[in-house]
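Here is a short briefing to read alongside the model. Please keep the viewer open as you go through the topics below.

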Amino acid sequence: MIKAAIIGLGKMGMSHAAILGGLPNVDLVAACDMDSLLQSAFKKLTKIQMYTDYKKMIDEQKPDCVYVVTPTKLHYDMVMYAMEKGCHVFCEKPFALTVEQGEKMVQMAKAKGLVNQVGYHNRYIGTFNEMKRLLAEGVIGKPFHFMGEAYGPVVLKSKGGTWRSDKKNGGGCIEDYAAHVLNLINYICGSNIVDCRGTQMPSIFSSEVDDAVYGSLYLENGLKGQISVNWSDDTVRKMTTSLKIQGDKGKLEADATTLKIYVKEDRPEYGLKQGWNFKYITDCTPMVDFNLRGEEYTAENAAFIHGIETGEVDTRNSFEAALQTDYIIAKMEKDAELM
Ligand SMILES: NC(=O)c1ccc[n+]([C@@H]2O[C@H](COP(=O)([O-])OP(=O)(O)OC[C@H]3O[C@@H](n4cnc5c(N)ncnc54)[C@H](O)[C@@H]3O)[C@@H](O)[C@H]2O)c1
């Protein structure tokens, strides 16, 4: 049985708590949040030991692993403390407020030999994984352009007052929304974004943070493309993330439900006919024991726990991989200042 503890029981912490509660090999022993409503609800409805001080929680409960699910500004201190005490750590995305913090967390995890994971859940979505496989196997030939997109209705009027509307706390569309797309591009293309140009980060309704992110991106392997992300878009009901990759022998387009594959010639070895082919999430996703918030969230938690239990660590969402996303976020923020 793996003893787990959570810091932060907001929207995402609640999801992790629910999923961990459903995993048979996990005992969620403790949780920490200063919010009095959450404190009383958890005390009333669960047997989880509640804390308001995460250091006290870790010292007293000595969990095997700690989930850090707080606003981004707090990740560094909490992750470092947990690792100092020998806990494996799952940290929500984006990884850190600065690349320096991210580098220190990567070093510490390596030095201590701890399982480490960041919550970029798109890497557990079947359609994106199938896209990655087909791209790597050359089904669309040599890729020459990509387009990464995400749209959603997070900020639809002028208001502030939460950590997401405060840059110093890790707020803004680039940290909240674009981070997912940047991270997904690195993963699917099998190469990291190393440069950017023409970055635009306009504020549409927010006064202190960006509401959209647009620009050109350059991968280490030479592939180029664009990103278009907007969290002030009321044309969609919830976050919609997609990636299109054009190659000289075809095209791949994926979102969380469908993978569209266009090939110029029949590829019977892949079951593909000349023209458009469709694969659905139901064809592409390995089964999980239960689906809570989305099967990818169950899968990422199960993978983290499995790594701790068996030593077979799934490194697809390691601290190191997440740090690559922080590098390009920092570059894009700098580039946007020039525009
Ligand atoms: N992977 C995803 O799809 C996804 C989705 C949403 C949020 N997130 C990430 O999860 C993290 C949390 O986001 P959220 O939406 O749950 O935020 P939230 O504001 O809903 O919740 C944050 C919680 O942290 C608590 N908190 C703040 N300071 C604390 C402290 N010192 N000790 C203990 N608890 C403290 C707050 O009281 C609150 O309950 C962020 O990093 C965010 O980017 C990831």
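A salt bridge here is a side-chain nitrogen of Lys or Arg within 4 Å of a carboxyl oxygen of Asp or Glu. By that rule, the side chains of D176 and K93 form a salt bridge, with 3.9 Å from N to O. This is a predicted model, in which local features need pLDDT of at least 70 and side-chain atom pairs count only at pLDDT 80 or more, while totals for chains, interfaces and linings use all residues. Residues are numbered from 1 along each chain as its sequence is written, and side-chain values use heavy atoms, with hydrogens and water left out.

**Domains**
- The protein chain splits into domain 1 (2-114) and domain 2 (122-289 + 322-338), with bounds that come from an automatic or database domain assignment.
- The centres of the two domains, taken over C-alpha atoms, are 28 Å apart.
- Domain 1 brings 13 residues to the contact and domain 2 brings 15 residues, where contact means heavy atoms within 4.5 Å.

**The interface between the domains**
- About 1100 Å² is buried between domain 1 and domain 2, with 61% of it on carbon and sulfur atoms; buried area is the accessible area (1.4 Å probe) that two parts lose on being put together, summed over both.
- One salt bridge is counted between domain 1 and domain 2.
- Five residue pairs, both at pLDDT 80 or more, are in polar contact across this interface. A polar contact is a pair of N or O atoms within 3.5 Å; within protein, one must be able to donate a hydrogen and the other to accept it, and residues adjacent in sequence count only if both atoms are side-chain atoms.
- On the side of domain 1 that touches domain 2, helix α5 (residues 99-112) gives the most, with four residues; helices are DSSP runs (H or I, at least four residues), numbered from the N terminus.

**Around the ligand**
- The ligand is surrounded by 27 residues, and the closest are M12, D33, K93, W163 and R164; a residue counts as near if one of its heavy atoms lies within 4 Å.
- In the side chain of D33, an N or O atom is 2.6 Å from an oxygen atom of the ligand.
- K93 has a backbone N or O atom 2.7 Å from a ligand oxygen atom.
- For W163, a polar side-chain atom lies 2.9 Å from an oxygen atom of the ligand.

**Salt bridges overall**
- The count comes to 15 salt bridges.
- One of them joins the side chains of E320 and K110, at 3.2 Å from N to O.
- E320 lies in helix α10 (residues 319-338) and K110 in helix α5, so this pair ties together parts that are 210 residues apart in sequence.

Note on methods
Helices (H or I, at least four residues) and strands (E, at least two) are DSSP runs, numbered from the N terminus.
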